[in-house]
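Trainee: I'd like to learn how to read a model like this one. Could you walk me through it?

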Amino acid sequence: TTLMTLAEKMPKTELHLHIEGTFEPEQMFELATRNNVTLKYASVEELKAAYQFTNLQDFLDLYYQGMSVLLKEADFYDLTMAYLRKVHQENVVHVEIFFDPQGHLSRDVSFETQITGIYRALQDADKQWGMSSKLIMSFLRHLSEESAIETLELAKPFLHWIDGVGLDSSELGHPPEKFKNVFKACQDLGLKVTAHAGEEGPPDYVWQAIDLIKVDRIDHGNRALEDMNLVAKIKEQQLTLTVCPLSNLKLCVVEELTDHPIKHMLKLGLNATVNSDDPAYFGGYMNDNYRALIRESGINKDELYQLAVNGIEGSWMSVEQKTRHL
Ligand code: ES4
Ligand code: ZN
């Protein structure tokens, strides 16, 4: 079999996926109509034409508009189920997905509405296909720590459905240290912790995520490679990096995939994984990311295998569950 086929057929995990970033334009218009919400774009084509970003903020502006049509529990269910159905066909066997509660609370959509819809879809995927999952509530870093603390309070009745917390949105100007207290509170509640760091932000933000937030994982981490002491630290702590190749390309974190640092990360002995981030916006799901890496970055068979193993090892599955996949 070719490397492409191997990548497509092998069992995969997705560890960095924003459910609101799986909103395909067609489904967005469908839900807009269903909910009597008017989008700023007249058609699917017009919306798709806007998917040209020069940085993270460009994308985020569109992403927050897109999610504005999500109002009812059924909307969250339908969005999540459409994503899970798609990646089931790509041989993804385990997903750990982010949702952005504050992005919906600001439109008066309750925490309960959001999480009930998402969680019901995750349960159905497990029942139908044996696809396992973890749910990660992410704090918006452009908002205050106080707002994150309020969100944690709203989450408390649903903690049995939540496995971890994350930190996303505009990175520059919003270092991890801004959220030190809320993450401490989350850890005291037994939640796992991850944070976007080193996507656009400097190595110092990755240091803060490790030293101040005490993350269990790092989302992106590209810019960690600028500091070899930091690379040593990440290795010493065996932290997984959830790398997102097509996302990095679309948001101009890398100029071309031929320049993508993932091969270098593996050579350095870092636990890099492949993930799709916001696939509806970035031009591809899990297999598209692997295919692009094979085509553009010259990933070989050993590296492909290592990436898949890293995805299992770096997940928040139990040891027993990991062993079943290895
Ligand atoms: C995101 Cl790619 C990325 N970076 C930071 N925050 C995000 N939220 C959704 N996608
Ligand atoms: Zn992300």
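Trainee: Is Asp277 buried or exposed, and why?

Mentor: First, some ground rules. This is a predicted model, where local features need pLDDT of at least 70, side-chain atom pairs count only at pLDDT 80 or more, and totals for chains, interfaces and linings use all residues. Residues are numbered from 1 along each chain as its sequence is written, while chains are lettered from A and ligands numbered from 1 in the order in which they are written. A residue is buried if 20 or more other C-beta atoms, placed from the backbone, lie within 10 Å of its own, exposed if 12 or fewer, and partly exposed in between. Asp277 is buried because 29 other C-beta atoms lie within 10 Å.

Trainee: Where in the chain is Asp277 placed?

Mentor: Helices (H or I, at least four residues) and strands (E, at least two) are DSSP runs, numbered from the N terminus. Asp277 lies in the loop between β8 (271-274) and α14 (279-282).

Trainee: Which residues does Asp277 touch?

Mentor: Two residues are in contact if their C-beta atoms, placed from the backbone, lie within 7 Å. Not counting residues up to four places away in sequence, Asp277 touches His16, Leu17, His18, Gly21, Cys244, Ser247 and Phe282. His16 has its place in strand β1 (residues 12-18), and it counts as buried because it has 28 C-beta neighbours inside 10 Å.

Trainee: What does the UniProt annotation "binding site" cover?

Mentor: UniProt positions are given in the numbering used here, feature names are shortened, and annotations may be inferred rather than shown by experiment. In the unreviewed entry, this annotation covers His16, His18, His196 and Asp277. They are spread over 262 residues of sequence but cluster in space, with a largest C-alpha distance of 11.8 Å.

Trainee: Which residues surround ligand 1?

Mentor: A residue is near a molecule if its C-beta atom, placed from the backbone, lies within 6 Å of it. Those around ligand 1 include His18, His196, Glu199, Asp277 and Asp278.

Trainee: How many residues has the largest nonpolar core?

Mentor: In soluble globular proteins, nonpolar side chains tend to be buried together. A nonpolar core is a set of buried Ala, Val, Leu, Ile, Met, Phe, Trp, Tyr and Cys residues joined through C-beta atoms within 7 Å. Here the largest has 80 residues, and Ile218 is one of those with the most contacts inside it. Helix α7 (residues 111-129) gives the most to this core, with 7 residues.

Trainee: What about the chain overall?

Mentor: The chain holds 17 helices and 8 strands, and 44% of its 326 residues count as buried.
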